[in-house]
Each structure stands twice: as structure tokens, then as C-alpha cells.
Amino acid sequence: MPKHSETRQMPYSAQQIYDLIADIGSYPKFLPWCAGARIRNREQLENTEVIDADLVISFKVFREQFGSRVTLHPDDMKIDVEYIDGPFRYLNNHWSFKQLEGGGCEVDFFVDFEFKSAMLQAVIGVVFNEAMRRIVGAFEKRAKELYGSGAGS
């Protein structure tokens, strides 16, 4: 059961990074292995927005689609992701964003999942840590493309 948690300081505002992560429809433009994204449903509640989305992940000979429910908490600067359907037994993913006094923000990221298929689980187990580094790096690169070099730009 791969698990990954990471805390990063970034030279962007918490709002900028929150907006970047919340923009699920743009993931295929920059995330490795993300071949497609589709918003199934979007519902605005009192203090949250709930988005049901499908992502298509393509890695070597594997191509899988999965659905997730993304709950945006703009007042708390948090994003929670729950698994709906697809190739996983479960998927839990959480993001939180904290503005730093000197500028920039701190981003906390956590993901825990398990595939239903032992073969998929074995394949991802071999490359999991490198995959997580590439995904986090892709978000950082996208932030630089969108927002420049950071807090002072």
C-alpha cells in the first residue's frame, strides 16, 4: 500500500497553489501519465465545493480511468480527495496550504492508495517514489509557468 506524505515550502501564495491543485481539468496539460480529465459533477455548498471527476492514467501498457470526489475547502485552504470508482481498492489524498509570514506558502501533501490488481500494485511499487517526485515536480513546474519565479515576481 503505497503512502507518501510531503511538506514543501514554495515561493507562491497559498491561494495560487490551492487554485493550481483545484484546477483538475488542466491536469492533462502538465501531469505525467495523466492522459485525460473530465468533470462529472460540480456542486457548490455553503463553505465547500464538491467536484466528481474522472482521470485517465496511462503508464506503459496500462491505461486506467478512475473517479474521485474532490472537496474544496477554500476558507481552510484544504483539498480532500476520496475514491469513487476504478482500479483502486481505496485512495485517500489530502492537500493543505498555509501562507507564510515572509512570503510564499507551505504545502502539505498526503496520498495513500492500493490497486485491486496485484500486477498493477507490483508495477507501481517499483516506481512509486520516483513517480511521486515527478508528480510533485510537475506541480512545481506548472506553478512557475503560471506565476513566474515566485513571491517577488
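These legends go with close-up views of a predicted model. In it, local features need pLDDT of at least 70 and side-chain atom pairs count only at pLDDT 80 or more, while totals for chains, interfaces and linings use all residues. Residues are numbered from 1 along each chain as its sequence is written, and side-chain values use heavy atoms, with hydrogens and water left out.

**View 1. The nonpolar core.** A nonpolar core is a set of buried Ala, Val, Leu, Ile, Met, Phe, Trp, Tyr and Cys residues joined through side-chain atoms within 4.5 Å; buried means under 20% relative accessible area (1.4 Å probe, protein chains only). The largest such core has 42 residues, and Ile17, Tyr27, Ile79, Phe97 and Phe139 touch the most other members. Helix α3 (118-147) is among the elements giving two or more residues; with eight residues, α3 gives the most. Helices (H or I, at least four residues) and strands (E, at least two) are DSSP runs, numbered from the N terminus.

**View 2. Around Tyr27.** Which residues does Tyr27 contact, leaving aside its neighbours within four places in sequence? They are Leu20, Ile21, Cys34, Leu55 and Phe139, where contact means heavy atoms within 4.5 Å.

**View 3. Strand β7 and its partners.** Look for β7, where nine of 11 residues are buried. Two strands pair if DSSP finds at least two bridges between them. Strand β1 (residues 3-10) runs antiparallel to β7, joined by eight bridges, and Ser5 has Phe110 as its bridge partner. Strand β6 also runs antiparallel to β7, with 11 bridges; here Leu91 stands opposite Phe113.

**View 4. The hairpin of β6 and β7.** Five residues lie between these strands, and Gly103 takes a positive phi near 110°.

Key: Buried means under 20% relative accessible area, exposed over 50%, partly exposed in between (1.4 Å probe, protein chains only).
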